[in-house]
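Here is a short report on pockets and the residues that line them. Look at the structure first, then read on.

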Amino acid sequence: MKIQIDELQAKVLAGVNKLGYQGDDAQTIVDVLMYAQLRGNNQGITKIATGGVPKASEAQEYKIVKQNKAGALVSGGHSMVATARATDLAVELANEHGVGIVGVNHTFTSSGAIGYFSRQIASKGYVGFVCVGNGSFAFVAPDGSAEPKLGTNPFSYAFPYTGGEVVFDNATAAMAFFGIVEAKLKGEVLPVGIGYDKNGNSSTDPAEVLDGSISTFAGHKGFGLSLLVQLLGGPFSMAGTPGVNEDDGSGTFVLAIDAGLLAGKEEYMARATELVKQIKSATPLPGRQVILPGEHGDKLREQALASNEIEIADAILNELVTLVGEH
C-alpha cells in the first residue's frame, strides 16, 4: 500500500521508541532505516519488527576503548548509533592525520544500510569505506560448501566528485539476510542457485533458506570479498566471528581518507569528476543506460520525496503497525 513519507517516518520512530531508544539515538536509527527504505534497499523498516533492531536494554554501553595516532577502537551501543559515532570519529582523525580508521565491536545488532555512513564520509570531502562482520551470525557458505561459516558481510565505499558521490553498498552474500526475510513476508521465491536448506539441498523457498544457508555472490570472487570483510570486521576490530570469540559481538570497520592526501583536494576533485563524466559518456546498450553506483537509489528517493509517498508491502507495514500497537 502507499503511505505518506511523514506518516511512515512517525510510525518508524514510534516503533524505535517502543524498543527503548530515545532522543538522538532513536533519530539516528530512524534516519538509517528511512535512508534504506526510500532508496528501495532491503535494509529498511523490515528490521524493526523482525529483530534487526533489538531492544535498547540489550545494547551494551558505548565507549572508546583506545585511541592512538590515526586509529581508534570503540565498543558497544546499537550498531547504527555506534557506526554513526565511529564515522564522525574517523572523519575527525582523517582531518588531523589524513587517514582515520575506527573499529567497532560488541554491538550484536544490525548496522543497516552502511552506504548511509560511507556517503556521509564522502559528502565531507573524504573517501569512505565501511564494512561489517556479523559476529557470531553464520548464514553464508564459503564457495564450494553449503555449510554456513560467514555472515552476510556487507561493504560500502564512497568517493566524492563535483556534484555528488559515487556510493556502492552491497552484501557479499548473494542476497542480504533481510532481503530473504522480505521475500518470506511477501510470499516470493528466491532466485535459483543461491540458497540451501538445512540439509544442504538447493532451495528457492525463503523459509527453508533462512533455516539453512546462502552462497556468496559471484562464487569464489564474492567469497574472497566476504573473507576480507570478515577479517576487518572481526580480528582487526577485535570483534567476534562464527565459532571464534563470539562474545565480542559484531564488528564494524570504518575508514576515512582525505581525498586530497596525495593529489591535493582540487586536483583530486577535478580528476574524479572527469572520470565520472567519461564513464557516463559510454554508449548504452539498447534499452539500457549507464548508472553509477548509488544513482538508482538516489532517483527512487527523489521521486518519493517529490510525491511525499512510498509503496510499502502490506505484510511489512502490518508488522510495523502490530509492533507499534496501532489498529
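## The second largest pocket

The second largest pocket has about 280 Å³ of volume. It is lined by 13 residues, and Tyr35, Leu38, Arg39, Tyr116 and Arg301 are the closest to its centre. Helix 2 (23–38), helix 1 (5–18) and helix 5 (115–123) each give at least two lining residues, as does helix 10. Helix 2 contributes the most, 4 residues. The lining holds 6 charged, 5 nonpolar and 2 polar residues.

## The largest pocket

Strand 8 (164–171), helix 6 (177–186) and helix 10 (295–307) each provide at least two of the lining residues. The largest share, 5 residues, is from strand 8. By class, 23 lining residues are polar, 19 nonpolar and 4 charged.

## Terms and source

A pocket is an open set of points on a 1 Å grid over the protein atoms alone, where a 1.4 Å probe fits, with protein on both sides within 12 Å along at least five of seven lines; lining residues have an atom within 4 Å of a point. Points join across faces, edges and corners, and volume is the space filled by probe spheres set on them. Helices (H or I, at least four residues) and strands (E, at least two) are DSSP runs numbered from the N terminus. Ala, Val, Leu, Ile, Met, Phe, Trp, Tyr, Cys and Pro count as nonpolar, Asp, Glu, Lys and Arg as charged, and the others, Gly among them, as polar.

This is a predicted model: local features need pLDDT of at least 70, side-chain atom pairs count only at pLDDT 80 or more, and totals for chains, interfaces and linings use all residues. Residues are numbered from 1 along each chain as its sequence is written, and side-chain values use heavy atoms, with hydrogens and water left out.
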